[in-house]
Amino acid sequence: MPKLNASSRPATLGGSAARSPTNWALVRRLLQLAWRYRAGCLHVLMQQLSLVLLSIGSLGFTGLGIDVIRHAVSAEGSPPEWPFNWQPPIEGTPLITVAWIAAATLATSVTHALLRYRAAVTLARLTQRIVLQLRVDVYDKLQRLTFRFFDGNSSGSIINRVAGDVQSVRMFVDGVIIQLLTVVLSLAVYLGYMLSMQAPLTLACLATTPILWLAAIHFSRSVKPAYAENSRLTDRLVLALSENIQGVQVVKGCGREADEIEKFAAANRCVKEQKWTIFRRIALFQPAMGFLTQFNMVVLLGYGGYLVSMGQLSLGTGLFVFANLLSQFANHVGQVTNIANSIQSSLTGAQRVFEILDAPVEVESGPNALRPVKLLGHVRFDRVSFGYSPGQRVLDEIDFSARPGQCVAIVGETGAGKSTLVNLLPRFYDVTAGRITIDGIDLRELDLDQLRRSVGIVFQESFLFSNTVAANIAFGHPDANAEQIERAARIAAADGFVRDLPQGYDTVVGEYGSNLSGGQRQRLAIARAVLLEPPILIFDDALAAVDPETEYEILAAMESAMRGRTTFVIAHRLSTLRRADLVLVLDHGRIVQRGTHEELMRQSGHYRRSALLQAATTETEPAIVRRVA
């Protein structure tokens, strides 16, 4: 693909070209996502509500035991108040009564522990379902996006969104929605219970609660930019790691290990310092929230103690239970800090995930896409123009035809638009103006999958997967048998070196084909394209990495495979250009010359000059340059 300059590069995700959605818009989107898992969320909430009720029950039993003991020690006070005015059928000493209450408390605690374990497992299953499905959705969308998307976004940013930011969306479900609803339910239960016990005391103790909520909302808004910056810095860190791993040969070849270590360390420090600013805010906010909640306990000890002394509130089921409920209430209000923190973290990550899910699929099959039984490969470029961004054309008024069985060579200086031209054939991009037809059918009317399986491509930089040689050759045709795979390898002059490998066709290719030479990788890529037996073949300077002897072997072996197929070759070597039926010379996106090799050699211009320079020896090159000029 051609290298895009700053002015022609598409707008990146999250860039200024895209208007960031508001927090409420993101929250609504996340709520819609959570609604898809409403049954699981409701199940978790019911379990959380049961835990709250069991917790209150355990406190009630403990408070009742305290009142029984107090009444046994001093009969001056009022007798214990059993819940719902129920008197248990227990005969015997107060010690036996306390023993029964302790047994009930223990049973409640055991049930609470078991249910808590079950609730944790249920929540984990729910969140993992969300993460799994969301990653599948994001990956599916990435597969359908065009090269334009990947031109404008770094691999580090994309990887971080799929691997890291998806977890942020999960955090919104369990760390915000489930947590918030749990807090609201718990606070409602605690508040109702405390009001039923002593309404004036409850209102006095919870007077600071509105301040806590306002402070949490302000904190949530203030940390949002910090989380967005942290995501950007993490993208840069992942990109530095990814580039260094992929370019390790260049790094070591230039002796830049120490510099790259420092570069990565600097990016890592930036992430650490940015996170440190967030942690400082959280560390300051949480104690402030804790102080306000503890202030409520001071009110309880003063006012509640007075009520107990006046006989208006019991010690156990009254003050003790109320104190524990108030403590639980304060803990749940304190969780608002974590929820506020999770909201901004999840909103920042969710925005980055939704940017991928919402990215337009510029190239796709139409609703009535055609699926011809067989394409012959008659290609027509009809006044085709193309630009990566509006107003800047990379190709301008390209007009030519290629018949089935014809070989078309495309030459030109770097940046002339050669790769862009052939990338339009499989619809990696759609034309800006004009149209491209195969057998008279506009590419945009064909089924996209069938079109791309009808175009075999060997890119300038061959890519191999970490799999066996046979699997790499059969990547586009996984059902191919061993005979078909070996035939494709023979056509690409790869069968000989493959059989010399330790396990032959079952040899596992290292990452990016690291255990093979450049020429071997390219021949496997050619075999992969040939195996599809497409009516159209594209070689994007695919012979650049092979030596002259191997080049002749490949060209000779492929002549039979190319017969009856339309072939486009981006090439610079005369051995390839002489075999072409038509040579197109591109200059700044326009066809400036066309014809056979012999015809173009009789014309003055770029093609003849380049051919003579290539054919010249080192000693005669200056003279030829002067003569041609």
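**Backbone, helices and charged pairs**

Guide: Ala493 sits in the loop that runs between H13 and helix H14 (495-499), and since the model is a predicted one, the values that follow are computed from it.

Visitor: Is Ala493 buried or exposed, and at what relative accessibility?

Guide: Buried means under 20% relative accessible area. Ala493 falls under that cut-off and therefore counts as buried, its relative accessibility being 16%.

Visitor: Which residues of helix H13 are buried, and where do they fall when seen down the axis?

Guide: In helix H13, which covers residues 482-491, the buried residues are Ile485, Ala488, Ala489 and Ile491. Seen down the axis of H13, these buried residues fall within an arc of 160°, so what they line is one face of the helix.

Visitor: Which side chain reaches a backbone nitrogen at the start of H13?

Guide: The backbone nitrogen concerned belongs to Glu483, and a side-chain oxygen comes to within 3.2 Å of it at the start of H13. The residue that supplies this oxygen is Asn481.

Visitor: Where does Glu533 lie, and what is its phi?

Guide: Glu533 is placed in the loop between helix H15 (518-531) and strand E7 (536-540), and with a relative accessible area of 49% it is partly exposed. Glu533 is a residue other than glycine with a positive phi, and the value is near 50°.

Visitor: How many residues apart in sequence are Asp137 and Arg36, whose side chains meet in a salt bridge?

Guide: In general, side chains of opposite charge can pair when their charged atoms come close. The side chains of Asp137 and Arg36 meet in a salt bridge, at 3.9 Å from N to O. Asp137 lies in helix H3 and Arg36 in the loop between helix H1 (23-35) and helix H2 (38-73), so the parts that this pair ties together are 101 residues apart in sequence.

Visitor: Which residues are linked with Asp382 in a network of salt bridges?

Guide: Asp382 forms a salt bridge with Arg435, in which the closest N and O atoms are 3.9 Å apart. Because Asp382 lies in strand E1 and Arg435 in strand E4 (residues 433-438), the pair ties together parts 53 residues apart in sequence. The residues linked with Asp382 in the network are Arg380, Asp399 and Arg435.

Visitor: Which backbone oxygen does the side chain of Lys418 reach?

Guide: Lys418 is placed in helix H10 (residues 418-423), and it is buried, with a relative accessible area of 10%. Leaving out residues up to four places away in sequence, Lys418 touches several residues, including Ile410, Ile570, His572 and Leu586. The side chain of Lys418 reaches, at 3.1 Å, the backbone oxygen of Glu413.

Visitor: What separates the C-alpha atoms of Leu451 and Arg427?

Guide: Leu451 is found in helix H11 and is buried, its relative accessible area being 1%. Beyond its neighbours within four places in sequence, Leu451 is in contact with Leu425, Pro426, Arg427, Ile438, Leu443 and Leu446. Leu451 and Arg427 are 24 residues apart along the chain, and their C-alpha atoms are separated by 8.4 Å.

Conventions. Residues are numbered from 1 along each chain as its sequence is written. This is a predicted model: local features need pLDDT of at least 70, side-chain atom pairs count only at pLDDT 80 or more; totals for chains, interfaces and linings use all residues. Side-chain values use heavy atoms; hydrogens and water are left out. Helices (H or I, at least four residues) and strands (E, at least two) are DSSP runs, numbered from the N terminus. Buried means under 20% relative accessible area, exposed over 50%, partly exposed in between (1.4 Å probe, protein chains only). A polar contact is a pair of N or O atoms within 3.5 Å; within protein, one must be able to donate a hydrogen and the other to accept it, and residues adjacent in sequence count only if both atoms are side-chain atoms. Contact means heavy atoms within 4.5 Å. The arc is that of the directions from the helix axis to the C-beta atoms. A salt bridge is a side-chain nitrogen of Lys or Arg within 4 Å of a carboxyl oxygen of Asp or Glu.
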